[in-house]
There are 2 protein chains.
Amino acid sequence: MTNDPIAGARAGIGFLPAANGPAPSPAPYPADIAEHLSRETPQAAAAMLRTLDPADAVRVLEQPEYHGAARTLAALSFAESATLIAAMAEDRAADLLADLAAGEAEAVLALLPPPVRQSLRRLLAWPTDSAGGLMTTEFVAVAEGITVAQALDHIRTVERSRETIYALYLLDPAGRLTGALSLRRLISAEPDAVVRSLAPSDPVTTAPDADREDVARQIARHDLLAVPVVDAHRRLLGIVTVDDVLDVIVAEATEDSERFGGVAALGRPYLDTGFGAMIRKRAGWLCALFLSEMLTASAMQHFESELERAIVLTLFIPLIMSSGGNSGSQATSLIIRALALHQVRLRDWWRVAFREIPTGLVLGAILGLLGMARIAAWQAFGFYDYGPHWPLIAATVGAGLIGIVTFGSLAGSMLPFALQRLGFDPASASAPFVATLVDVTGLVIYFSIALVILHGTLL
Amino acid sequence: MTNDPIAGARAGIGFLPAANGPAPSPAPYPADIAEHLSRETPQAAAAMLRTLDPADAVRVLEQPEYHGAARTLAALSFAESATLIAAMAEDRAADLLADLAAGEAEAVLALLPPPVRQSLRRLLAWPTDSAGGLMTTEFVAVAEGITVAQALDHIRTVERSRETIYALYLLDPAGRLTGALSLRRLISAEPDAVVRSLAPSDPVTTAPDADREDVARQIARHDLLAVPVVDAHRRLLGIVTVDDVLDVIVAEATEDSERFGGVAALGRPYLDTGFGAMIRKRAGWLCALFLSEMLTASAMQHFESELERAIVLTLFIPLIMSSGGNSGSQATSLIIRALALHQVRLRDWWRVAFREIPTGLVLGAILGLLGMARIAAWQAFGFYDYGPHWPLIAATVGAGLIGIVTFGSLAGSMLPFALQRLGFDPASASAPFVATLVDVTGLVIYFSIALVILHGTLL
């Protein structure tokens, strides 16, 4: 947030092509330029970056929309990269260094002023998906004993080099965080007041190893502009700001949505993903699901003699299996989201199970009635002849649907819990995953019910 | 954002139960109390609300986590509700009034101070999912000709009644927006400077009828703390702040994820949704999909004579159909998200189609090889006897997979475009919807290929 967080300052860039199509062409904001450069080759993007005013180049590199920023830096000289990195917001600078090859990152780090280098090295120590990886050390901190007027003077002095000045952090002589104060409180307070007396004790904080999703949730829940990151001794390590968290929330939602569709997270826009990468991201899950789904062929082989005697049963296999998959997909999507938003905890699994079983029974009964009505109607109007035992076939389809939809709802809702319990992300439970799980069991349920109901007649 | 946006001020509440389980019990923040009250009956919640300090009660009602807030208000007297509504952040107050029964809302509005009433009536005129429905009129606006010192004095005077003071909007004598200035710029500027000279011209703005998702995207893209809402004459109507946008992004992601699973958006947490509501939200799509999927039974009936002659073909129906659905689900999830993030536009449909066809062919070929290998292996090791024509059966399965996976990828990727073109939300294209679409066509593709390859042998 080194840009103006109110006005969304533009950069005066000439090389952007005029937008075509019916949308009116917006003036070039840094995010627009960043998107444009993402689509260029690293060499072309580096050349364009050199034509920019240095301050604008820095702002463009800071945009999370600039997917190829590290590749562009690699196409610049180490000295050029170091100048840009030194001027960038520290959290984004660390992200870019992390994306460079290790040797290149070291070469750039070596050219940086020592304080910046040390600070970046500390940030680079944290995983990118942790609070430590998101945070910046460019915050405003003051001794808790100074006055409001002194604090305001300090803010004016350091303003240019800080990511946000709307949060003021109070430290005791040992460097421990004792309070947080907003600029809002500060400018409406008496100039002589001691800042410590204005700050509510015990501000919301997070740990450097906290998951970035948890930090995002915390900021959203408490409507914060920034959350301080403290170590076990409450020493202030950095802050995570709301603009970074917005980007995290959007990225996590994309990842979850891609995974729910059964794709490994792309990590970049669809049209910017190469053909080979696209195949790799999709083939893995597709093959795993295909191999699991091969069990359906085994199940069908197992029931082959029944199939031969009552070929009419095969007519409803796709219908019944897909209904199980659909009800499972509904339950999974609800539970993944409820777990992600912490509306449901791991220990609530039995409460969910006790809701899903009656829900599945009712939904299965509704579909079962529809299915039986269809068979009766086709038989009555002569569209198809299911033979003399058609009421038993209808009963098999109806009972099968109740069993499979109930199993689908239960299995679909329990799968995210099981994954979380085993240490995986519950969002790995994709719709295709659930459908495959339910398909194999669904066939067994269907044929077992058929064996009971049709015993002595068709089977 | 009438709370302290830095410290996340707590409310001193006694009635919250101690959290059980291994998680350490957090002190009660307004969001915690709001969640607790959401689970109580309206009468119990109203009684608890009365025990709070009025300022705390207002902060609790302002939390978006408080799903039953309107029901709680309805359980209070009109006078009590009016007192709370008058003290609340205006954007949330308008949302709550919109949730009340029309007669109740009018009764509460009649008891409000006239300026608040007028302001709320203006906000209520906009749909809740538009920028107008999200915005607040509690912003800081000043004449563009005043000095920095005068602007700071004004901010100090009005601070308590404004949602944010970090954005200062400059108006010309006709009330038109001419610039936006951050408090950050202001406090580091010379006191004698005229504010107009500090503000970049042409700030990012939005229209009151803009979709809330577009406003969210704008704030995220330009790292803004607030975006001004202006009418066609550039008159400033209100502002949308980043904290409201965070809630919008989370809510939209939940809605999209539920819909992708084939559920109508719940609009409230899973465990707080009643049994009847849960059935209604799920039965609609499930029945619609079931009725469409009935076409598979018709398709199977159509090919019944082929099925009777070559029962071995039925063994692979679930495997082949599910692969088509899986590849379709992958493509749909990628395109829904790319459309939602504006990475892909409606006019890019052909670029997507030209990528999905080769992608589908390669993915289908991979699965086809796996399928043929499985048939050959089972035949070679004697696990199952597919008969003398097993190489032809393997070829049918392999070719069927290529055809169906390609069709699935293409249909799955085009469906969101088709929905958007027809004026629907592309996110209505759920995984079950795609699977159903692909299932029926998949059967026809499979049997048509079988007729060609097995003609003269099995068929």
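Reader: What makes the meeting of the B:Arg184 and A:Glu159 side chains a salt bridge?
Author: The N to O distance is 2.8 Å. A salt bridge needs a side-chain nitrogen of Lys or Arg within 4 Å of a carboxyl oxygen of Asp or Glu, so this Arg and Glu pair qualifies. The model is predicted: local features need pLDDT of at least 70, side-chain atom pairs count only at pLDDT 80 or more, and totals for chains, interfaces and linings use all residues. Residues are numbered from 1 along each chain as its sequence is written, chains are lettered from A and ligands numbered from 1 in the order in which they are written, and side-chain values use heavy atoms, leaving out hydrogens and water.

Reader: How many salt bridges are counted between chain B and chain A?
Author: The count is 8. Polar contacts there come to 42 residue pairs, both residues at pLDDT 80 or more. A polar contact is a pair of N or O atoms within 3.5 Å; within protein, one must be able to donate a hydrogen and the other to accept it, and residues adjacent in sequence count only if both atoms are side-chain atoms.

Reader: Which helix gives the most to the side of chain B that touches chain A?
Author: Helix α15 of chain B, residues 275-302, with 18 residues. Helices (H or I, at least four residues) and strands (E, at least two) are DSSP runs, numbered from the N terminus. The touching side of chain B divides into 77 nonpolar, 29 polar and 30 charged residues. Here Ala, Val, Leu, Ile, Met, Phe, Trp, Tyr, Cys and Pro count as nonpolar; Asp, Glu, Lys and Arg are charged; the others, Gly among them, are polar.

Reader: How much area do chain B and chain A bury between them?
Author: About 12400 Å², with 64% of it on carbon and sulfur atoms. In chain B, the most area is lost to chain A by B:Ile6, B:Arg184 and B:Tyr270, together 7% of what that side buries. Buried area is the accessible area (1.4 Å probe) that two parts lose on being put together, summed over both. By contact, meaning heavy atoms within 4.5 Å, 136 residues of chain B meet 136 residues of chain A.

Reader: Why is A:Thr359 called buried?
Author: Its relative accessibility is 0%. Buried means under 20% relative accessible area, exposed over 50%, and partly exposed in between (1.4 Å probe, protein chains only), so A:Thr359 is buried. A:Thr359 is found in helix α18 of chain A, residues 349-380. Leaving aside residues up to four places away in sequence, A:Thr359 touches B:Phe275, B:Met278, B:Ile279 and B:Arg282.

Reader: What makes helix α6 of chain A mostly covered?
Author: Of its 10 residues, 90-99, 7 are buried. Charged members of that set include A:Glu90, A:Asp91 and A:Arg92.

Reader: Which residues touch the most other members of the largest nonpolar core?
Author: A:Leu183 and B:Leu183, in a core of 167 residues. Such a core is a set of buried Ala, Val, Leu, Ile, Met, Phe, Trp, Tyr and Cys residues joined through side-chain atoms within 4.5 Å. Beyond four places in sequence, the contacts of B:Leu183 include A:Leu183, A:Tyr166 and A:Ile187. A second, separate core has 94 residues, among them A:Met294 and B:Phe303.

Reader: What makes A:Asp153 and A:Arg156 a salt bridge?
Author: Their closest N and O atoms are 3.5 Å apart. That is within the limit, so the pair counts. Both lie in helix α10 of chain A, residues 148-158, 3 residues apart, about one turn. A:Asp153 is partly exposed at 47%, and A:Arg156 is partly exposed at 35%.

Reader: How far apart in the salt bridge are the side chains of A:Glu252 and A:Arg212, N to O?
Author: 2.8 Å. A:Glu252 is in helix α14 (242-260) and A:Arg212 in helix α13 (212-221) of chain A, so the pair ties together parts 40 residues apart in sequence. Both residues are buried.

Reader: Why is A:Asp231 counted as buried?
Author: Its relative accessibility is 19%, under the limit, so it is buried. A:Arg235, its salt-bridge partner at 3.1 Å, is partly exposed at 39%.
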